[in-house]
Amino acid sequence: MGCFIKVPKKEEQESFDLARYTDAASLFDALAFTVDDLHPVRLVRMTWLLQQRGTVLKRRQELPEKAFVSADELRAVWEAGGRGGKDQVAPIVTISFCWDSREHPDPDGVQLNLVIDTLEKERRNYSTARDDFKGFSEMGIFWDWPSLLQGDPIKAEEARAAALRQGKTEEDAQEAADKAKRTPAEKAAFKHGLEETMDLWYAHQATTVLLLTQHPRERGSAREWGYDQSGWTTYERCSAEQIKRVSRFQENWTAVADLGQGARAEAAGRRWPVGPDEFDQLIEDRSFTNGADREAVKALFRRMSRAQLGGVTTLDFDGMPPPTPEQAAGLASCLRLCARLQELDLTGCQIGAEGARALAGALPSLPGLQELYLGGTSIGRDGEAVLRAAWGSRGGSLWVS
């Protein structure tokens, strides 16, 4: 995204509760909120987006009103859909992707067509009733280019050219362009969208996240860094993978889907979660258009992690692939922040003896944990002995098979 954002103060980092990331009302409230009569975020209507194959998406300010779905309408869709059923899923899909160029994220519409392909396949799942889930008649799509207030490239270039004619340096000219590309009201709304809502669209348990991980060069872009090397996409993916359920009870689609890295590589699949300390290390070698974003993104991720991990009562990773030792350590780091956790499901995850030892090291930080499911995890006798010793005399159930 390449835009400077405020680093949250310590007291702000502690001010959020878990409901922000579990209650769908927080999503609809964020959509309804305005700054200077502008919505910081708007969601694209899925049925409209499906009609855009073969086009190039314009920035938000240039899209017709029919392209968007309002907070009130989306809330009504959610209510009619049984409030998302047992899984409490929301009718919201979030796109995580790399921009192909500074001027336009998808100048040839390649990523747009990939999203349309996916939504066409999933549309029946979104709308099919299953038990308490009654199906959604519409979905809202968060995609930063059409959802946030983008800069005007014409005004930016005019300001840049004028500054150069005045004999200013290239750096000063670029600064003038950045200042001119949004109105004061647009700047305020854009700033709010980044600082106060970005965590919601990716981290919230009720949203569905599509990861477009193909390297831009495979689409003909000259961009050097790809999805896995970019700072903002690293933040988005790590946010999406921290507390969402791996499997859902009623809805027949996954919460986080990697759409793949192009024709020559399959999707990597969902990864194990990382905590804020691991994220700080991970983000150090990632690329940012604006270098000032790095510390701000660290602070955003830490604030989100403290809020959602500190309040979460259930974590379900049933279905995840075997973790590496580093991934097991990262999971343990996350768990040490889960002071209110009551249930942890690692069924079939093949964490092994080393994973069992990492988990045992986190148990003292989980005083409320009463249900721990480890069926089919291949922890062996040594791993089981370590876990049972760490479990001690607490009540509840430790399921090992």
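Trainee: How many bridges join E3 to strand E5 (residues 208–212)?

Mentor: The model is predicted, and in it local features need pLDDT of at least 70, side-chain atom pairs count only at pLDDT 80 or more, and totals for chains, interfaces and linings use all residues. Residues are numbered from 1 along each chain as its sequence is written, while side-chain values use heavy atoms, with hydrogens and water left out. Strands (E, at least two residues) and helices (H or I, at least four) are DSSP runs numbered from the N terminus, and two strands pair if DSSP finds at least two bridges between them. E3 and E5 run parallel, with valine 93 partnered by threonine 208 and isoleucine 95 by leucine 210, and the number of bridges that join these strands is 5.

Trainee: In E4, which residue is the bridge partner of valine 93?

Mentor: E3 is also joined to strand E4 (residues 140–142), again in parallel, and here there are 3 bridges. Within E4, the residue paired with valine 93 is isoleucine 141.

Trainee: Through which helix does the chain cross from E3 to E4?

Mentor: A crossover counts as right-handed if, with the strands pointing away from the viewer, the path from the first strand over the helix to the second runs clockwise. The β-α-β crossover from E3 to E4 is right-handed by that test, and the helix it passes through, spanning residues 110–127, is H6.

Trainee: How many residues of E3 are buried?

Mentor: Buried means under 20% relative accessible area, found with a 1.4 Å probe on the protein chains only. One side of E3 carries Ile92, Thr94 and Ser96 and the other Val93, Ile95 and Phe97, and both faces are covered. Strand E3 (residues 92–97) is therefore mostly covered under that definition, and its count of buried residues is 6 of 6.

Trainee: How many residues of E5 are buried?

Mentor: Thr208, Leu210 and Leu212 point one way from E5, while Val209 and Leu211 point the other way. E5 is largely enclosed by the rest of the structure, because the count of its buried residues is 5 of 5.

Trainee: With which residue does the side chain of glutamate 236 make a polar contact?

Mentor: Glutamate 236 belongs to helix H11 (residues 231–240), the helix of a right-handed β-α-β unit with E5 and E6, and the residue is buried at a relative accessible area of 3%. A polar contact is a pair of N or O atoms within 3.5 Å, where within protein one must be able to donate a hydrogen and the other to accept it, and where residues adjacent in sequence count only if both atoms are side-chain atoms. At 3.4 Å, the side-chain partner of glutamate 236 is tyrosine 202.

Trainee: Is arginine 42 buried or exposed?

Mentor: Arginine 42 is in the loop between helix H3 (25–32) and E1, and its side chain makes a polar contact of 2.6 Å with the side chain of glutamate 65. Its relative accessible area is 18%, so under the cut-off arginine 42 is buried.

Trainee: Which helix gives the most to the lining of the largest cavity?

Mentor: On a 1 Å grid over the protein atoms alone, a cavity is a set of points where a 1.4 Å probe fits but cannot get out, and lining residues have an atom within 4 Å of a point; points are joined across faces, edges and corners, and the volume is the space filled by probe spheres set on them. The search finds 2 cavities of 30 Å³ or more, and the largest holds about 60 Å³. Its lining includes Pro323, Leu346 and Gly355, and the elements giving two or more residues are H14 (325–335) and H15 (352–362). With 4 residues, the helix that gives the most is H14.

Notes
Buried < 20%, exposed > 50% of the residue type's maximum accessible area, 1.4 Å probe, protein only. 1 Å grid on protein atoms, 1.4 Å probe; cavity = no way out; pocket = protein on both sides within 12 Å on 5 of 7 lines; lining within 4 Å.
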